[in-house]
Amino acid sequence: MTSALFPLLRDDLAAAAFTVDALGTLWGEDAAAALHRGQRVPARRALARVAGGGPLGTLATLFVLGLESSRASAEGALPRLGVEGAERLGLVALEGDSVRPLLDLRPYSFVDARGAGAWWIASDLGELALGGAIPEHHVLGVGGASTTLSGLMLSEAVDSVLDLGTGCGIQALHASRHARRVVATDISQRALDLAAFNAALNDVSNIELRLGSLFEPVAGERFDQIVSNPPFVITPRTEGVPAYEYRDGGLVGDALVEQVVRESADHLTPGGVVQLLGNWEYRSGDDGLERVQGWLENVSLDAWVIERETQDAALYAETWIRDGGTRPGTPNFDRLYAAWLDDFEERGVTGVGFGYLTLRAPLGGTVTLRRFERVDGALGRNEAGLGAHIAASLAAHDAQLALSDADLARIRLVVAGDVTEERYYWPGDEDPTVMDLRQGGGFGRTEPLGTALAAVVGASDGELSVGAICAAIAELLGVDETELLAEVLPEIRRLLVTGFVAVA
């Protein structure tokens with residue numbers, strides 16, 4: 001059994017200080033940035049300057065740069081596991097006096113609501129190591145979408161989590177920190193094998209892996225939380241166009257994301273939450289977010305959908321063809337480009353939106369939240385991810401919904417600690433022409449302020465109720481107190497939900 005080999009590998013990686021920080025120190029920021037762009041020459045030069053960098057350099061050469069190493073160096077970097085043990089684990093191939101990597105294996109560090117953590121994550125060799133386009137069965141490592149979703153993940157303790165389309169298992173690993181049990185599914189046996197490898201390497205034992213498409217492996221089951229980075233890329237269903245298992249769902253257009261949205265309601269416990277990433281199409285001038293709203297018609301789920309960016313059809317095609325390892329300027333790139341544009345043109349697709357979906361099975365059975373918005377600016381500072389902010393926003397939505405206007409007028413508010421106020425003046429004017437509240441965390445929102453709302457927020461230090469503050473402002477401005485309250489209270493509800501203010 002190879003299970004006994006994982007502690008040996010774990011010990012060797014730890015002894016070599018195979019960490020994110022150590023690699024950054026080994027080859028420096030510039031080389032690390034070049035690697036992020038798919039260029040390894042600066043890193044190789046940095047390793048040459050330190051005579052290979054010892055065990056850490058050997059591990060980096062093999063598993064991050066995807067290059068061969070001498071057997072002697074590999075044995076020195078893996079003294080407990082040995083190269084034969086690494087071969088049994090499927091990490092390397094032995095070829096005489098050389099060792100060739102078969103997997104990408106690299107350190108991964110993070111901070112979530114439970115504090116800092118670090119793992120080692122194995123995945124298939126990428127374009128850089130392969131020297132060309134990746135195969136269709138490729139299992140992706142930790143990428144931008146992975147870290148986005150893990151940062152969004154709610155982390156309150158729950159009994160059960162479903163990771164739908166687990167890939168290398170990164171979301172399941174994150175969920176394992178706050179769930180008693182995690183079920184992780186994928187259509188790819190290769191992906192499940194790597195997810196099992198990563199769970200064993202990192203000594204995580206509460207993840208169950210199941211093979212199958214979408215919700216088929218969990219038919220009839222319900223979960224407290226579902227997370228999914230589904231294969232949402234909109235790829236032409238045309239002969240000769242590669243369909244990558246990690247990103248292409250096999251359905252036309254955005255139908256796979258729609259299916260996940262519609263079917264998730266049948267797999268949630270009351271109050272359970274789904275969080276996923278997705279793409280949606282803009283067709284012949286139709287709004288993409290309105291398209292997502294249509295998916296939720298007759299679906300009993302609260303919904304909060306945030307569109308982060310849109311791309312026109314041509315740019316979207318370029319992005320994902322290049323993602324598969326096909327380089328621009330080659331005949332194959334041009335052929336694929338034409339196939340993508342033909343597909344979009346035939347179906348009237350002018351652009352594609354990308355964003356986050358948070359869906360919830362309402363506890364009382366009645367849908368109370370349907371929020372669709374575009375947040376395309378820079379996010380706020382969220383050291384532990386956006387999950388805590390999303391959880392707080394959902395809780396604030398529920399809390400303010402339970403308050404009548406009279407109740408709301410009786411509460412005392414404080415301004416959130418990350419909120420600042422900005423005022424802009426014409427030169428020489430005493431009164432500002434523009435007043436904004438700016439959020440330092442969360443989604444980094446900016447809220448414009450009118451005179452009355454600015455006065456209420458400015459006086460909200462936890463001492464006086466909203467009603468008392470409005471009474472004083474009405475008297476000062478010479479306006480009707482009831483009308484002022486009617487103007488301000490809906491704005492206060494919005495600021496509560498978005499986290500600008502909180503109940504004292």
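1. Basis. The model is predicted, so local features are described at pLDDT of at least 70 and side-chain atom pairs at pLDDT 80 or more, whereas totals for chains, interfaces and linings use all residues. Residues are numbered from 1 along each chain as its sequence is written, and side-chain values use heavy atoms, with hydrogens and water left out.

2. Overall build. The protein contains 19 helices and 19 strands, these being DSSP runs numbered from the N terminus (helices H or I, at least four residues; strands E, at least two). The C-alpha trace spans about 90 × 50 × 50 Å along its principal axes. For 504 residues a compact globule would have a radius of gyration near 23 Å, and the 26 Å of the protein agrees with this; the radius is taken over C-alpha atoms, and the globule rule is 2.2 Å times the number of residues to the power 0.38.

3. Of the 504 residues, 50% are buried, where buried means under 20% relative accessible area, exposed over 50%, and partly exposed in between (1.4 Å probe, protein chains only). Among contacts (heavy atoms within 4.5 Å) between residues at least 6 apart in sequence, 70% join residues at least 24 apart.

4. Helix α14. The 17 residues of α14 (residues 331–347) should span 24 Å at 1.5 Å a residue, and the end C-alpha atoms, 25 Å apart, agree with that; the expected span is 1.5 Å times one less than the number of residues. Phe333, Leu336, Tyr337, Ala339, Trp340, Asp343 and Phe344 are buried in this helix. These residues cover an arc of only 160° around the axis, and therefore lie on the same side of α14, the arc being that of the directions from the helix axis to the C-beta atoms. Pro331, Glu345 and Glu346 are exposed on the other side, while the cover over the buried residues includes α13 (313–323) and β12 (349–360). Gly348, just after the helix, takes a positive phi of about 75°.

5. Helix α11. Leu256, Val257, Val260, Val261 and Ser264 are buried in α11 (residues 255–264). Their arc around the axis is only 140°, so they sit on the same side of α11. The buried residues of α11 pack against β6 (158–164), β9 (223–228), β10 (268–283), α12 (288–295) and β12.

6. Salt bridges between elements. A salt bridge is a side-chain nitrogen of Lys or Arg within 4 Å of a carboxyl oxygen of Asp or Glu, and by this rule the count is 32. One of them joins Glu84 and Arg71 at 3.5 Å, N to O. Because Glu84 belongs to helix α6 (residues 82–88) and Arg71 to helix α5 (residues 71–77), the pair ties together parts 13 residues apart in sequence. Arg71 is partly exposed, at a relative accessible area of 26%.

7. A longer-range pair. Arg177 and Asp112 form a salt bridge whose closest N and O atoms are 2.7 Å apart. This pair links distant parts of the chain, 65 residues apart, with Arg177 in the loop between α9 (170–175) and β7 (179–186) and Asp112 in strand β4 (residues 103–112). Arg177 counts as partly exposed at 27% relative accessibility, whereas Asp112 counts as buried at 16%.

8. Buried pair and network. Arg371 and Glu373 meet in a salt bridge of 3.2 Å, N to O, and both residues are buried. Salt bridges that share partners also join Glu281, Arg283, Asp343 and Arg347 into one network.
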